[in-house]
Amino acid sequence: MGVIRAEAVTVSLGGRAVVREVDLRVESGELLALVGPNGAGKSTLLSALSGERVPDAGRVLVEGRPVDAIDPLELARIRSVLTQDNAVSFPFRVAEVVEMGRSPWARTPGRDRDEQAIRSALERADVVHLADRRFTELSGGERARVSLARVLAQDTPIVLLDEPTAALDLRHQEDVLRIARELVGEGRTVVVVLHDLSLAGAYADRVALLDDGALRALGTPVEVLTEPLVSAVYRLPVEVLVRDSRPLVIPRRHP
Amino acid sequence: MIVGIALGALLVAAVLVSAIAGQFGVSLTEVVGSLLRSLGIPNGWAPDDPTTEAALWVIRFPRIVMACAVGAALAVAGAVMQAIFGNPLAEPGVVGVSSGAALGAAIAIVGGMLALGEWTIAVLAFAGGLLATLLVYGVSRANGRTEVVTLLLTGIAVNAFGGAGLAFLLFLAGSASREQIVFWQLGSLSGSLWREAAIVAVVAVAGTAVAVALGRRFDILALGERNARHLGIDVERLRFGSIVLVALLTGAAVAFVGIIAFVGLVVPHLMRMILGPSHRALLVASAVGGALLLVVADLLARTLVPGAELPIGLLTSLIGGPFFFVLLWRQRRASGGWA
């Protein structure tokens with residue numbers, strides 16, 4: 001089974017294979033973290049899973065159906081995506097931006113949940129107090145949280161997050177992953193691209209480690225985030241401390 | 001809502017003043033009476049003098065309808081263009097759509113082409129506008145957005161090419177066509193005919209309706225192309241449809257009255273400041289505001305210099321130029337550079 005399945009997915013950009021023959025299954029109610037060095041193909045793989053980028057070989061199945069065979073509007077009610085590009089061209093208010101997340105539900109019975117979904121999204125992302133502000137006036141961290149609220153308002157069974165913690169301070173980083181865990185607790189499926197390995201280790205059910213486009217390892221955090229594996233993939237000696245069966249990855253700074 | 005009523009009231013007032021003002025004196029009661037009579041309501045105000053009646057129905061009213069239609073079409077075209085470029089500085093005149101349309105029309109004038117009857121000029125203006133829009137769109141976007149510098153540089157290139165084409169046609173043309181082309185570049189509403197005004201009005205109303213129907217999608221496009229796509233919007237189709245819409249509105253607007261620049265820049269911007277960026281309200285308000293601006297501008301063009309008529313395109317550029325400077329300056333300050 002698997003809510004999302006990638007079968008031998010290969011994606012080439014400018015003639016170079018950025019993602020190479022990746023097989024992956026994400027179950028419902030699971031939080032999968034995609035990790036790996038810069039340029040390992042994490043974001044590209046995520047965009048293939050989202051249906052945005054068509055693989056050059058292999059295929060992606062969402063809820064058992066090829067992702068490119070699903071109508072874009074229906075797909076938008078199945079999966080939401082937080083991209084790294086979160087600029088807004090005109091000075092819309094925060095509440096309006098979050099409301100845009102509800103647009104796939106227009107003219108469906110789901111629109112009855114609009115108000116409740118928007119309110120709960122604003123609360124979860126801790127941006128209720130920003131609702132009347134203009135998006136263009138916000139700081140980077142505030143924009144990131146509002147964009148997350150927009151994605152939450154979309155209220156989809158599958159949530160794909162591309163580096164959601166990049167612009168955030170320590171507390172809001174933890175908040176984002178806590179929200180991701182809540183989503184999983186509700187039976188949703190979350191795939192999140194992360195740079196912080198300890199954060200991935202602390203919150204993910206499983207971790208997929210990408211190395212130069214290939215899937216190097218896939219398993220629970222303690223299985224994947226081991227000293228030899230991480231040191232080899234990142235080409236940096238690291239130390240891994242395990243607490244409550246959650247790995248903490250620390251670079252060895254004093255050899 | 002209040003803004004809508006205020007704009008509507010201002011438009012009605014401007015239309016009435018414009019109907020009264022001019023070398024041939026007509027009173028307010030005569031204007032209202034004549035309008036009522038045309039609606040089948042007999043009344044004592046209506047003018048008995050056939051000359052007054054003719055001045056209103058043959059000269060002033062078609063001209064006012066033309067002003068409204070052209071203003072609405074240009075303002076809506078500007079707002080749509082800004083939505084798909086994701087940039088508040090996009091405007092048909094600035095990026096060269098108008099000069100593409102003008103070149104198309106000039107080719108029709110000089111070539112003496114009448115293959116499609118009196119529609120020939122309009123059709124070629126539309127074709128020229130469409131080509132210019134596609135060119136600008138194809139060249140100036142990167143990652144689903146358009147940077148100001150690229151947009152303006154593309155506009156310079158397109159305008160230069162359009163200008164060169166026009167100059168070449170001027171060189172080839174006989175003196176009658178030459179005069180017609182010069183009139184084109186300056187823009188004027190004088191001599192508007194009912195059937196011309198009707199064509200532009202139909203395009204303006206239909207185009208505004210289509211744009212308003214797409215309003216929600218334009219809002220979502222402000223999130224950037226990728227995010228819009230993830231929300232189920234067919235971005236390619238929306239984009240292409242909008243480009244055709246812009247070319248159609250601009251082409252229709254300039255086909256009979258020539259280039260009237262900056263309306264599409266000034267009006268949507270003011271409306272955005274008053275109403276916020278949400279497109280459905282913005283597009284409706286821009287249509288009304290554009291009509292208002294052109295009726296007033298045309299009134300000034302007719303009456304500012306006694307016994308002569310200023311080209312209306314000169315007036316709008318006179319207001320629009322400095323306005324554009326201010327916008328540019330503010331955007332530069334906001335983004336900390338020319339990006």
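Okay, let's start with chain B: for its 339 residues, a compact globule would have a radius of gyration near 20 Å, and chain B has 20 Å, so the two agree. That's taken over C-alpha atoms, with the globule rule being 2.2 Å times the number of residues to the power 0.38. Quick housekeeping: this is a predicted model, where local features need pLDDT of at least 70, side-chain atom pairs count only at pLDDT 80 or more, and totals for chains, interfaces and linings use all residues. Residues are numbered from 1 along each chain as its sequence is written, chains are lettered from A and ligands numbered from 1 in written order, and side-chain values use heavy atoms, leaving out hydrogens and water.

Still on chain B, the C-alpha atoms fill a box of roughly 65 × 55 × 35 Å along the principal axes. Buried residues, meaning under 20% relative accessible area with a 1.4 Å probe and protein chains only, make up 53% of chain B.

E6(A) runs parallel to strand E7, residues 158–162 of chain A, with four bridges joining them; pairing takes at least two DSSP bridges. Which residue of E7(A) is the bridge partner of A:Val81? That's A:Leu160.

Notes: Helices (H or I, at least four residues) and strands (E, at least two) are DSSP runs, numbered from the N terminus. Buried means under 20% relative accessible area, exposed over 50%, partly exposed in between (1.4 Å probe, protein chains only).
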